[in-house]
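Subject: Structure handover

Hello,

Here is the structure you asked for, with the sequence. My notes follow below it.

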Amino acid sequence: MTPPEAPKTGSSSQGNRPPAVSVCLHTSGQMQVLAKRADFLKAARARKQGTSSMLVQARKRPEGEADGIRIGFTCSKKVGNAVARNRAKRRLREAARAVLLAQGKPGWDYVVIGKKTDTIARPFPLLVSDLEYALRKLHK
RNA sequence: GCGGAGGGCCGGAUGGCCGCGGGUGGGGCGUGUCCCUCCCGAGGAAAGUCCGGACUCCAUGAAGCAACGGUGCCGGGUAACGCCCGGGCAGGGAAACCUGACGGAAAGCGCCACAGAAAUGAAACCGCCCGGUCUGUCAAAGGUUCGCCUUUGGCAAAACUAGGGUAAGGAUGAAACGGUGGGGUAAGAGCCCACCGCGCCCUUGGCAACAGGGGUGGCACGGCAAGCCCCACCUGGAGCAAUGCCAAAUAGGACCCCCGCGCGGGCCUGUGUCGGCCCUGGUCGAUACCGCCGCUAGGCGCGCUUCAGCCGAGAGGGGUCGGGUUGGCAGCUCGAGCCACGCAGCAAUGUGUGGCCUAGAUGAAUGGUCAUCGACGGGGGCAACCCCAGAACAGAAUCCGGCUUACAGGCCCUCCGCGCAU
């Protein structure tokens with residue numbers, strides 16, 4: 001199973017870009033996993049909101065495509081080595097678990113993208129408030 | 001105590017709350033989901049993917065040959081290795097110890113820059129020595145016009161030399177057809193001698209690499225094989241996205257080319273035709289077709305050949321275009337496994353007994369947060385101590401054995417040298 005490529009950026013000069021590391025939640029029926037590359041690409045073309053510690057993409061799905069909240073995470077090699085990417089995605093997942101179950105809207109796809117240093121270094125309460133802020137802006 | 005060498009081990013700790021992946025057992029019902037309980041859940045390198053294997057397919061096995069590639073002192077270990085252990089040799093170090101692409105240069109080809117007289121056929125060149133010519137001088141003899149002249153022999157030095165001897169010396173270089181010393185000679189030279197080096201022979205020790213001793217040769221063998229090469233040994237390719245199964249969808253693929261479609265073989269329950277016999281249909285025979293069996297041509301291996309094996313008159317080989325390539329399960333973690341003790345061995349390792357089960361994910365779990373303790377570090381203070389900060393390299397993806405690379409800090413053992421004390 002090939003993970004998706006990291007987002008193309010202007011500074012991508014290295015030849016073999018490592019795949020991004022992502023994680024999905026398997027919580028109770030309310031939240032589901034984003035597992036298809038196509039779903040990530042659709043979310044990338046929808047609304048987005050950046051904060052100092054993350055970038056959040058959100059998309060309201062058409063009727064009948066799927067039920068409930070769906071979420072996926074992306075941390076490209078730009079975040080760091082494998083240990084740094086794992087740590088970043090885990091912190092993002094914990095923040096999403098705290099926020100999204102209460103404030104996420106059914107019928108929407110969310111993709112949370114980690115950033116280079118702040119996703120790991122930012123204190124956890126601020127990480128949570130960043131996600132809450134992004135969701136408020138996206139739901140308008 | 002200080003400095004150094006070798007080896008082994010560890011890789012932040014405890015607890016609360018909230019979570020994640022897998023599994024055992026139990027329960028609820030909507031029968032494939034939910035809930036509860038308990039258990040397990042990253043590394044010494046999980047890394048680089050550089051070697052060696054297991055396993056799977058290509059492709060059914062064996063033998064031989066060839067090609068490509070690899071390895072390279074000797075012995076041992078191992079499933080195997082380019083790994084490990086022990087030994088030898090060479091180099092380095094005061095020592096402990098470290099380092100080593102370490103087979104062959106009298107099979108052949110090639111190369112040896114710069115410098116140098118010359119870079120491997122050994123000779124040319126400079127130089128050295130002898131001889132010759134010429135000059136000077138001394139002695140003897142002869143002649144004399146008493147000034148000298150001639151001849152012979154000796155000595156000396158300069159110049160010239162179309163002759164001979166020589167390889168000791170010649171500023172170089174990584175390397176110069178052995179080194180040092182002595183004898184010898186016209187000058188020299190293994191020409192001769194002693195020691196060292198080298199080759200060969202014998203012998204002692206050792207499984208061997210090799211080492212010791214003796215004799216002998218008279219020096220004949222320059223370096224590079226990490227340039228080609230020779231020799232010995234090993235060696236098929238692709239990889240778990242291998243591979244197998246299930247389900248769904250789509251196609252139920254199309255077209256073309258090559259080779260072949262053979263046997264007066266056999267059987268028959270069939271069908272048709274012909275003929276004989278009994279007579280509205282049976283029976284017997286012949287023949288054609290279908291079917292089955294057999295034989296053969298032929299076909300089936302990454303390069304080739306042979307043998308065996310399999311398929312076989314439709315099986316095989318090849319090409320072009322089109323479609324599809326999603327989900328689940330297996331592979332998937334019990335294995336050259338881990339721990340303890342004993343035995344054999346210098347060791348690598350082997351073996352016996354007992355005990356243990358120790359991740360199995362797949363947009364990919366193994367975490368988040370808080371508290372306490374905390375190595376190294378930074379700041380202050382004479383000091384006790386106080387304050388700040390809070391852990392290196394790094395994340396399993398089929399599994400093992402190695403190698404290599406990265407790494408904060410700490411612990412243990414052995415050894416070498418120096419200093420102090422006894």
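Leaving aside its neighbours within four places in sequence, which residues is Gln57 in contact with? Please bear in mind that this is a predicted model. Beyond those neighbours, Gln57 is in contact with Ala43, Ala44, Arg47, Lys48, Asp109, Tyr110, Val111 and Ile113. Gln57 belongs to strand 3, which covers residues 54-60. With a relative accessible area of 7%, Gln57 is buried, since buried means under 20%.

Asp109 and Arg59 meet through their side chains in a salt bridge of 3.1 Å, N to O. Asp109 lies in strand 5 (residues 108-114) and Arg59 in strand 3, so this pair ties together parts that are 50 residues apart in sequence. Arg59 counts as buried at 12% relative accessibility, and Asp109 is buried with a relative accessible area of 0%.

Asp109 forms another salt bridge with Arg70, where the closest N and O atoms are 3.0 Å apart. Here strand 5, with Asp109, is linked to strand 4 (residues 69-74), with Arg70, and the two residues are 39 apart. Both Asp109 and Arg70 are buried.

A further salt bridge joins Arg97 and Glu94, with the closest N and O atoms 2.8 Å apart. Both residues lie in helix 2 (residues 82-103), three residues apart, which is about one turn of the helix. Arg97 is partly exposed at 44% relative accessibility, and Glu94 is partly exposed at 30%. As for Arg59, Arg70 and Asp109, salt bridges that share partners join them into one network.

Regards

Notes
Residues are numbered from 1 along each chain as its sequence is written. Chains are lettered from A and ligands numbered from 1 in the order in which they are written. This is a predicted model: local features need pLDDT of at least 70, side-chain atom pairs count only at pLDDT 80 or more; totals for chains, interfaces and linings use all residues. Side-chain values use heavy atoms; hydrogens and water are left out. Helices (H or I, at least four residues) and strands (E, at least two) are DSSP runs, numbered from the N terminus. Buried means under 20% relative accessible area, exposed over 50%, partly exposed in between (1.4 Å probe, protein chains only). Contact means heavy atoms within 4.5 Å. A salt bridge is a side-chain nitrogen of Lys or Arg within 4 Å of a carboxyl oxygen of Asp or Glu.
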